[in-house]
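The sequence and structure come before the notes.

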Amino acid sequence: MHRTGLRIMLLMLLAGPAMAAADDALHPPIPYEVIAERVEANRAALGLDTGAAEPERTDFERLLFPVRARANATPFRVHLVTNYVDHDAYGPGFLQDYECGVRTYDLPGGYDHAGTDFVASTFQEVSTEAGWMEVIAAAGGVVLDRHDGEPDRNARGRNESVISNYIVIRQDDGMEVFYYHLARDSVVPLEIGERVQAGDYLGLAASSGTSSEPHLHFQMHHPARFQRIVDPYGGPCASGPEPVWQ
């Protein structure tokens with residue numbers, strides 16, 4: 001191959017990840033303000049307060065991983081994490097995951113990625129269509145909010161609906177955990193205030209709402225102290241040194 005042609009191919013390969021990252025960054029953040037209003041109203045209706053005034057990270061329950069493969073998913077019993085919580089409040093382009101790396105993202109409008117993205121692998125569309133990636137409760141608690149019925153094939157941010165299919169669980173330790181981007185008609189039909197146990201099925205991972213690929217966006221915070229975010233991972237640049245996983 002001619003040297004110039006080889007150079008162009010190498011440049012294209014090197015530019016690929018950067019181009020993909022730029023495309024991913026085009027999708028808008030989840031509309032937390034809308035969901036937060038619903039959560040606050042349901043919390044008040046259930047008579048729940050914000051919990052202990054000064055909870056410590058060590059007070060929280062150890063969590064199960066919130067995804068699992070269905071029994072028939074034998075060829076693809078794997079998942080991966082594509083983005084972690086962004087702990088750098090500056091932006092855009094200032095990134096810091098729990099290990100002080102850059103495996104996260106932010107947006108020009110001021111949004112810092114506030115959760116952990118669990119992505120089905122290796123063939124995302126196949127896994128999504130087959131319903132192989134189940135979302136489960138990371139810990140026991142009550143349903144604080146839920147929503148279903150939105151289109152769930154909105155990969156690359158080309159969405160028909162801003163709101164995703166989701167469920168919010170108020171854990172027994174006071175933590176409020178958000179499970180976003182679920183498949184349409186898959187969200188468990190529980191009423192606000194009904195209980196779930198750790199490991200209970202909540203729905204299927206898909207790409208509803210503002211989503212760049214089929215995945216679960218797992219976000220947690222404690223309303224009494226950690227209004228912004230709690231990172232389930234622990235490290236030198238996280239909410240604390242120890243993870244909250246089991």
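**Loop residue, cores and ring pairs**

G149 is found in the loop between β5 (141-147) and β6 (165-171). The model is predicted.

**G149**
- G149 has a relative accessible area of 37%, so it counts as partly exposed.
- Setting aside neighbours within four places in sequence, G149 is in contact with N165 and R184.
- The C-alpha atoms of G149 and R184 are 5.1 Å apart, while 35 residues separate the two in sequence.

**Nonpolar cores**
- The largest nonpolar core holds 34 residues, and F118, I167, Y179, L202 and F218 have the most contacts inside it.
- Two or more residues of this core come from each of β3 (116-121), β4 (133-136), β6, β7 (176-182) and β10 (215-221).
- Another core, of 15 residues, lies apart from it and includes I30, L107, Y166 and V168.

**Aromatic pairs**
- There are 14 aromatic pairs in the structure.
- F65 and F118 pair edge-to-face, at 5.3 Å centre to centre and 80 degrees between the planes.
- F65 sits in the loop between α2 (32-45) and β1 (67-69), and F118 is 53 residues away in strand β3.
- F65 is partly exposed at 33% relative accessibility, whereas F118 is buried at 0%.
- F118 also pairs edge-to-face with F218, at 6.3 Å centre to centre and 80 degrees between the planes.
- Because F118 lies in strand β3 and F218 in strand β10, this pair ties together parts 100 residues apart in sequence.
- F218 is buried, with a relative accessible area of 1%.
- Ring pairs join F65, Y84, Y98, F118, Y179, F218, Y233 and W245 into a cluster.

How values were computed. Residues numbered from 1 in each chain as written. Predicted model: local features only at pLDDT ≥ 70, side-chain atom pairs only at ≥ 80, totals over all residues. Heavy atoms only, no water. Helix = DSSP H or I, 4+ residues; strand = E, 2+ residues; numbered from the N terminus. Buried < 20%, exposed > 50% of the residue type's maximum accessible area, 1.4 Å probe, protein only. Contact = heavy atoms within 4.5 Å. Core = buried A, V, L, I, M, F, W, Y, C linked by side-chain atoms within 4.5 Å. Phe/Tyr/Trp six-rings, centres within 6.5 Å; stacked < 30°, edge-to-face > 60°.
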